[in-house]
Amino acid sequence: MAMAIGAGTAAASEPAGPVTIAFQATGPTLDQPGTGAAGLFSMAGPFSMTGSFADAGTVRTTYRVAGRHVGGSATVMGARGIFTISLRGLLGAGVESRQSAAGRWRLCGGTGAYRHARGSGLWDAVTDLWPAPTGMTAPAMRGGFYGRLARGRTARPPGSLGVPCTSGVM
C-alpha cells in the first residue's frame, strides 16, 4: 500500500478531517507454512496520505482470504509516526487477470502524530493476478483507504464501522 503524508507536527488536538491514503505494493507472498502464519499473505510498498494528516512512507499489509471474505491489518510507517489499521472486506469478481476487493477499515493505534488518533473509513484495492515468470516481479496491488482521522478531543470522533481491532486477521 502507498500513502503520502506531509511532514509536520500534529497539534495536541486536531479536528476530524478527511484523509486519503493511496498505496502500491508488490506481492502477494504466501508466508512460510509451519510458522503459525500459514495462509497469510503479505505485501509491502510505498504510501502517500493527503488530507488532515498528510504523510508518506512505507506500508506492509498482511491479510487472509476465506472464500470471498478478506481480513487483515496494515502497518503504516510514515515520517510523522507509525499506525496500524485493521481491515475487513469482500473480494469482487476477478476480471481479465485482476482481482478487486473493498471494505471498511479502522485505525487501531499509533505513535508520534498518530498517538491517540482515531480513524475509520472505506478501502478498495485491485491486484494484478497473472503469474510472473521465475525471477520476475511478483503481482502488484494498488488501492486506497478513504475516511476520517482525528486526534485529541473532537465533537464527533470517527467510529469503528464495525471493524474490530484484533491481534490477527480473520
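**View 1. The largest nonpolar core of the predicted model.** This core holds 27 residues. M49, F83, I85, W105 and F145 have the most contacts inside it.

**View 2. S42 and its contact with R60.** S42 lies in strand β2. Its relative accessibility is 3%, so S42 counts as buried, the cut-off being under 20%. The side chain of S42 makes a polar contact with the side chain of R60. The distance is 3.1 Å.

**View 3. The β5-β6 hairpin.** β5 and β6 run antiparallel and pair over eleven bridges. One of the bridge pairs is L90 with A102, the latter in β6. Two residues separate the strands of this hairpin. In the turn, E96 has a positive phi of about 50°.

**View 4. The β6-β7 hairpin.** β6 also pairs with β7 in the antiparallel sense. Nine bridges link β6 and β7. A101 stands opposite A125, which belongs to β7. Here six residues lie between the strands. G112, in the turn, has a positive phi of about 60°.

Conventions
Residues are numbered from 1 along each chain as its sequence is written. This is a predicted model: local features need pLDDT of at least 70, side-chain atom pairs count only at pLDDT 80 or more; totals for chains, interfaces and linings use all residues. Side-chain values use heavy atoms; hydrogens and water are left out. A nonpolar core is a set of buried Ala, Val, Leu, Ile, Met, Phe, Trp, Tyr and Cys residues joined through side-chain atoms within 4.5 Å. Buried means under 20% relative accessible area, exposed over 50%, partly exposed in between (1.4 Å probe, protein chains only). Helices (H or I, at least four residues) and strands (E, at least two) are DSSP runs, numbered from the N terminus. A polar contact is a pair of N or O atoms within 3.5 Å; within protein, one must be able to donate a hydrogen and the other to accept it, and residues adjacent in sequence count only if both atoms are side-chain atoms. Two strands pair if DSSP finds at least two bridges between them.
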